[in-house]
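Good morning, everyone, and thank you for making time for this.

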Amino acid sequence: MTQVANFARSAMAPLMSAGVMRLYPETGGRALAMLYFTNSFGAAAGVLASGFLLIARVGLPGTILTAGLVNIVLALVVWILLRYRQRAEAPLPRQVRGHAMLEIAWTIAPALVLLVIAVPT
């Protein structure tokens, strides 16, 4: 099983690089640099979170499960972003201005989510 995970992990970077180069052929170098930066940043954040937080709180099996779930959520987010990204020929949406309640809701909602997560811990 470990060999399958290692193969999948080592195949990810070339596959993602090829996908980025197909999506952004005119700015491939910049997009590729951003891909490697976010990959390295995510790897460092994952190591720090698992080593200093997760193993002590949920143990090794819980840490592995958390890492798997985070990977699945990130894969879904990337898929949704690519699936529904704005095309060049699409008209620009109408600008929303003067909706203070909407801005307040977009500010308070994430704060409430963080509160709900932080209170039990």
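Predicted model: local features only at pLDDT ≥ 70, side-chain atom pairs only at ≥ 80, totals over all residues.

**A walk through the model**

I would like to begin with Thr63, which is buried, with a relative accessible area of 7%. A residue is called buried when its relative accessible area is under 20%, so Thr63, at 7%, falls on the buried side of that cut-off. Thr63 has its place in helix 2, and if we leave aside its neighbours within four places in sequence, Thr63 is in contact with Ser50, Leu54, Ile55 and Val58. To set this in context, buried residues make up 6% of the 121 residues in the protein.

The mean pLDDT of the protein is 80, and 83% of its residues reach 70 or more. Confidence is lowest in helix 1, residues 2–23, where the mean is 71, and highest in helix 2, where the mean is 86.

Now for the overall layout. The protein has 3 helices and 0 strands, and when you read along the sequence, the pattern that the protein follows is α-α-α.

How many aromatic pairs does the structure hold? The structure holds 1 aromatic pair, formed by Phe37 and Phe41, and this pair is stacked, with 6.0 Å from centre to centre and 25° between the planes. Because Phe37 and Phe41 are 4 residues apart in helix 2, which covers residues 28–83, they are separated by about one helical turn. Phe41 is exposed, with a relative accessible area of 54%, whereas Thr63 in that helix is buried.

The largest pocket has a volume of about 1,700 Å³, and it is lined by 36 residues, of which Met12, Asn39, Gly42, Asn71 and Leu74 lie nearest its centre. Which helix gives the most to the lining of the largest pocket? That is helix 2, with 27 residues, although helix 1 and helix 2 each supply at least two residues of this lining. By kind, the residues of the lining divide into 25 nonpolar, 10 polar and 1 charged.

Terms used: Residues numbered from 1 in each chain as written. Heavy atoms only, no water. Phe/Tyr/Trp six-rings, centres within 6.5 Å; stacked < 30°, edge-to-face > 60°. Buried < 20%, exposed > 50% of the residue type's maximum accessible area, 1.4 Å probe, protein only. Contact = heavy atoms within 4.5 Å. pLDDT = per-residue confidence, 0-100. 1 Å grid on protein atoms, 1.4 Å probe; cavity = no way out; pocket = protein on both sides within 12 Å on 5 of 7 lines; lining within 4 Å. Points joined across faces, edges and corners; volume = space filled by probe spheres on them. Nonpolar A, V, L, I, M, F, W, Y, C, P; charged D, E, K, R; others polar.
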